[in-house]
Amino acid sequence: MTSSSDTDDTTSPPSSTAETLFSSDGGTTSSSGEFSLSSGDIPATVTAAIDPPSYVDVGDAPAAREKCVGRQERVSWGWTSVIGRRSEMEDAVAVVPRFVSRTCFHAGGCTAPGSRMSGDVSPLHFFGVYDGHGGSQVADFCAKKMHGVIAEELNQEGIGEHEWQQKWQEAFCSGFRRADDEVMTDAVASEMVGSTAVVAVVSGCQIILSNCGDSRAVLCKRTQTIPLTVDHKPDRVDELSRIEGEGGRVINWYGARVLGVLAMSRAIGLSLN
């Protein structure tokens, strides 16, 4: 995942688009690791997603397979961030192995529901990149709290056989809103400090994402790239309409910006009155 170090908007609650691997372009810090899964690996997911493409919109049933695409028992991960020209690092990264456990079918609508693996309970791993602006407080808050909030939302009620997509959407949307509310009510930072968010939940054979702002997730295989998220930018037709409908303005000041300040249209924290 990548983060673009600029600014964004919370004139309305953040929304999410559920659709991993990340990096943040914001000091020089890096880390890597490995953890076990009951089944599956990222390369298998990459292969499945690229050939053929396997985006699934809410309401669409995934094509049935005879065999689960998950194969190995490990997921390797790593991240690096670069501070650039800023005086302090404003970005934060969170890696939370085994943040919840689900069966393959309940986690992401297994494409091989008749396979043995579809009924196995396996851990899901959480990755988040938070691109702070105006300071690091909100990004640090999200790195410490966001995964816990999303896990609580996800565990509020059971997932039915055909509602996994809707449940993830609700968990991400509610989790982002709760984080935004807590930043404001707990006075985590001043009103001019905020953060974007791009998060991914990885199982043995699935990648489930959500984003707020213009931090971006891209799936890569050799020289092939597939964008997995859509940036929330002020000049996007639907975002422009939403901003103006709520009494805001988008001003072209070295690019489209909310009230001439924010280069993104959604964020956690940060309030323009």
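Student: In which sense do β4 and strand β6 pair, and over how many bridges?

Tutor: In this predicted model, β4 and strand β6, which spans residues 197–202, pair in the antiparallel sense over five bridges. To place the pairing on the chain, look for residues that face each other across the two strands: F127 stands opposite A200 in β6.

Student: Which other strands pair with β4?

Tutor: Strand β3, residues 91–103, pairs with β4 in the antiparallel sense over ten bridges, and within that pairing V100 stands opposite L124 in β4. Strand β5, residues 194–195, also pairs with β4 in the antiparallel sense, here over two bridges, with G132 opposite S195 in β5.

Student: How many residues of β4 are buried?

Tutor: Burial is judged by relative accessible area, and a residue with under 20% is called buried. Strand β4, residues 121–133, is mostly covered by this test, since twelve of its 13 residues are buried. For the protein as a whole, buried residues make up 49% of the 273 residues, and the chain is arranged in five helices and twelve strands.

Student: Which residues of the largest nonpolar core touch the most other members?

Tutor: That core has 32 residues, and those touching the most other members are F99, F126, Y130, M146 and I268. The elements that give two or more residues to this core are β3, β4, α3 (137–154), α4 (164–185), β6 and β7 (207–212), and α3 gives the most, with nine residues. A second, separate core of nine residues includes I207, L209, L219 and L228.

Student: What does F99 touch, if residues up to four places away in sequence are not counted?

Tutor: With those neighbours set aside, F99 touches L124, H125, F126, H147, I150, A151 and V201. F99 itself is buried, with a relative accessible area of 13%, while F126 is buried with a relative accessible area of 0%.

Student: How many aromatic pairs does the structure hold, and why is the pair of F99 and F126 called tilted?

Tutor: The structure holds three aromatic pairs. To class a pair, one compares the planes of the two rings: under 30 degrees apart they count as stacked, over 60 as edge-to-face, and the rest as tilted. The rings of F99 and F126 have their centres 5.3 Å apart and their planes at 55 degrees, so this pair is tilted. Because F99 lies in strand β3 and F126 in strand β4, the pair ties together parts that are 27 residues apart in sequence.

Student: Turning to a helix, which residues of α5 are buried, and why do they line one face?

Tutor: The general idea is that an α-helix has 3.6 residues a turn, so residues three or four places apart point the same way. In helix α5, residues 237–245, the buried residues are E239, R242 and I243. Seen down the axis of α5, its buried residues fall within an arc of 95 degrees, so they line one face of the helix.

Student: What covers that buried side, and which exposed residues does the face turned away from it carry?

Tutor: What covers the buried residues of α5 includes β10 (250–252) and β11 (256–258). The face turned away from the buried side of α5 carries the exposed residues V237 and G245.

Student: Which residue with a positive phi follows α5?

Tutor: That residue is G247, whose phi is near 90 degrees.

Definitions and conventions. Residues are numbered from 1 along each chain as its sequence is written. This is a predicted model: local features need pLDDT of at least 70, side-chain atom pairs count only at pLDDT 80 or more; totals for chains, interfaces and linings use all residues. Side-chain values use heavy atoms; hydrogens and water are left out. Buried means under 20% relative accessible area, exposed over 50%, partly exposed in between (1.4 Å probe, protein chains only). Helices (H or I, at least four residues) and strands (E, at least two) are DSSP runs, numbered from the N terminus. Two strands pair if DSSP finds at least two bridges between them. The arc is that of the directions from the helix axis to the C-beta atoms. Contact means heavy atoms within 4.5 Å. A nonpolar core is a set of buried Ala, Val, Leu, Ile, Met, Phe, Trp, Tyr and Cys residues joined through side-chain atoms within 4.5 Å. Rings of Phe, Tyr and Trp (its six-membered ring) pair if their centres lie within 6.5 Å; planes under 30 degrees apart count as stacked, over 60 as edge-to-face and the rest as tilted.
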